[in-house]
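Reader: I would like to learn how to read a structural model feature by feature. Could you take me through one, giving the general idea before the particular case?

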Amino acid sequence: MGQVFDSIGGTPVGTGFVVLLDNRGIEVARTLSDLEGRFVIHAAAPGRYRLRSERIGYEPWETPAFTLAGSDTLEQDLRVTAIPVRLTAIDVRGEAKCGLPEPNSDVGHIWQEVQKALRAAAWSAEHQPYRYRIHKYERDVSATPRRVLRENVGAEWGYYRIPATAWEPDSLVARGYVVERSGGPWYYGPDAEVLFDDTFHSTHCFKGVRGEGAASHLIGLAFEPAPGRELPDVAGTIWVDETSSELRSIEYRYTELPFPI
């Protein structure tokens with residue numbers, strides 16, 4: 001247990017991941033600190049460990065190694081050096097690269113910030129519910145010409161671990177994101193678990209992009225299906241604020257649809 005503080009001002013740094021690493025640097029546990037920087041994390045066995053602070057918009061920070069015996073309960077405050085991540089200096093003019101972005105590349109720096117947000121979303125979905133407002137749209141559309149014949153829009157509030165989940169990543173790779181089922185085609189989208197999965201990285205290419213006009217303060221990680229991918233898939237952009245690195249939105253469209261739409 002412990003609390004995360006800024007090493008200069010001495011103030012709690014707020015919500016962020018605290019990660020427990022073993023003596024090989026492999027992650028064995030992680031948790032989110034609360035708004036005051038407090039956290040509790042559990043080790044499965046005695047050993048030598050380090051703690052790492054991962055906050056959106058800041059470089060990771062690690063403690064020196066410490067020993068944890070079988071019955072120990074340690075109070076470990078983290079006095080982190082807050083070094084901001086500078087996405088504003090990233091060059092987004094490169095071509096798309098397929099597979100997981102290289103850590104030290106410009107696209108890799110964007111991905112490192114994006115994955116912090118995706119990890120937080122996935123962790124929160126597993127560990128605690130949030131209150132969501134969900135907007136539902138139901139439309140009847142004519143075949144030719146395409147015209148909206150009827151539309152119902154509804155909204156509801158509720159507590160969910162996550163309000164909508166994607167298909168298993170392996171199934172999306174094998175069958176695509178649009179599948180014919182009883183009653184017509186079913187459209188599937190990527191959630192945090194899918195976007196963070198190795199199968200998504202191996203079947204997509206990535207590049208950095210910058211927002212335009214009213215979105216000029218955003219920098220994005222654009223993704224598209226890898227060459228040769230013929231199943232219905234998704235292409236889109238994960239947008240983050242270039243100053244704070246906070247995740248703002250994820251937009252996507254469908255590719256290789258088996259019918260005109």
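Predicted model: local features only at pLDDT ≥ 70, side-chain atom pairs only at ≥ 80, totals over all residues.

Reader: Which residues does a disulfide join here?

Author: A disulfide is a pair of cysteine sulfur atoms within 2.5 Å. The structure holds 1 disulfide, and this link joins Cys98 to Cys205, with an S to S distance of 1.8 Å. The pair links distant parts of the chain, 107 residues apart, with Cys98 in strand E9 (residues 97-98) and Cys205 in strand E14 (residues 204-210); strands (E, at least two residues) and helices (H or I, at least four) are DSSP runs, numbered from the N terminus.

Reader: Is Cys205 buried or exposed?

Author: Buried means under 20% relative accessible area, exposed over 50%, and partly exposed in between, with a 1.4 Å probe and protein chains only. Cys205 is buried because its relative accessible area is 4%, whereas Cys98 counts as partly exposed, at 48%.

Reader: How many residues of strand E16 are buried?

Author: In a regular strand the side chains alternate between the two faces of the sheet. In strand E16 (residues 233-241), 9 of its 9 residues are buried, and both faces are covered, with Trp239 among the residues on one side and Val240 among those on the other. Two strands pair if DSSP finds at least two bridges between them; E16 pairs in the antiparallel sense with strand E15 (residues 218-225) over 6 bridges, and with strand E17 (residues 247-255), also antiparallel, over 8 bridges.

Reader: What lines the largest pocket?

Author: On a 1 Å grid over the protein atoms alone, a pocket is an open set of points where a 1.4 Å probe fits, with protein on both sides within 12 Å along at least five of seven lines, and lining residues have an atom within 4 Å of a point. The largest pocket is lined by 37 residues, with Ala117 and Leu247 among those nearest its centre, and H1 gives the most to this lining, with 7 residues.

Reader: Which element gives the most to the lining of the second largest pocket?

Author: That element is E10, with 7 residues, and the lining has 10 residues, with Tyr137 and Arg139 among those nearest the pocket's centre.

How values were computed. Residues numbered from 1 in each chain as written. Heavy atoms only, no water.
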